[in-house]
Amino acid sequence: EPEREEIFRIHLQKCDRDPTQFDLARLAEIAEGFSGSEIEQVVISALYDAFDRGGEVSQDDLEVNIRNTVPLSETRAEDISALRQWAENRARPASE
């Protein structure tokens, strides 16, 4: 969760939005299983939604886009499990 929270922070800042205006802990919690690129796409999609209605991106925009996205960790669970098993003794973890 802390890593996903930081990824939301980074991508909101990258899009010139103030991350303190969002409940990043909540976003990270409901985006369990999302990769960094999937989180980036959630932010981008939420920005498009806000632009389409002529407003500013909101917490709700982000949450709706999370709920409407099925992460690869679910759609490709078997493949990811096989990769993790292969990497167990062959690679170093990217995070703790």
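Biologist: In which helix does His-11 lie?

Modeller: This is a predicted model, in which local features need pLDDT of at least 70, side-chain atom pairs count only at pLDDT 80 or more, and totals for chains, interfaces and linings use all residues. Residues are numbered from 1 along each chain as its sequence is written, and side-chain values use heavy atoms, with hydrogens and water left out. Helices are DSSP runs of H or I with at least four residues, numbered from the N terminus. The run of residues 2-14 holds His-11, and this run is helix 1.

Biologist: Is His-11 buried or exposed?

Modeller: Buried means under 20% relative accessible area and exposed over 50%, with partly exposed in between (1.4 Å probe, protein chains only). The relative accessibility of His-11 is 12%, so His-11 counts as buried.

Biologist: Which residues does His-11 touch, not counting those up to four places away in sequence?

Modeller: Contact means heavy atoms within 4.5 Å. With residues up to four places away in sequence not counted, His-11 touches Gly-36, Glu-40 and Val-43.

Biologist: How are helix 3 and helix 4 oriented to each other?

Modeller: Axes are lines fitted to C-alpha atoms, for helices over the stretch in contact, and angles run from 0 to 180 degrees between N-to-C directions. Helix 3 (residues 36-53) and helix 4 (residues 59-67) pack at about 125 degrees, with their axes 8 Å apart. Angles under 35 degrees count as roughly parallel, over 145 as roughly antiparallel, 65 to 115 as roughly perpendicular and the rest as oblique. Helix 3 and helix 4 are therefore oblique to each other.

Biologist: Is Asp-61 buried or exposed?

Modeller: Asp-61 lies in helix 4, and among the residues it touches are Ala-46 and Arg-53. Its relative accessibility is 9%, so Asp-61 counts as buried.

Biologist: How far apart in space are Asp-61 and His-11, C-alpha to C-alpha?

Modeller: In sequence, Asp-61 and His-11 are 50 residues apart. In space, C-alpha to C-alpha, the separation of Asp-61 and His-11 is 15 Å.

Note on methods: Helices (H or I, at least four residues) and strands (E, at least two) are DSSP runs, numbered from the N terminus.
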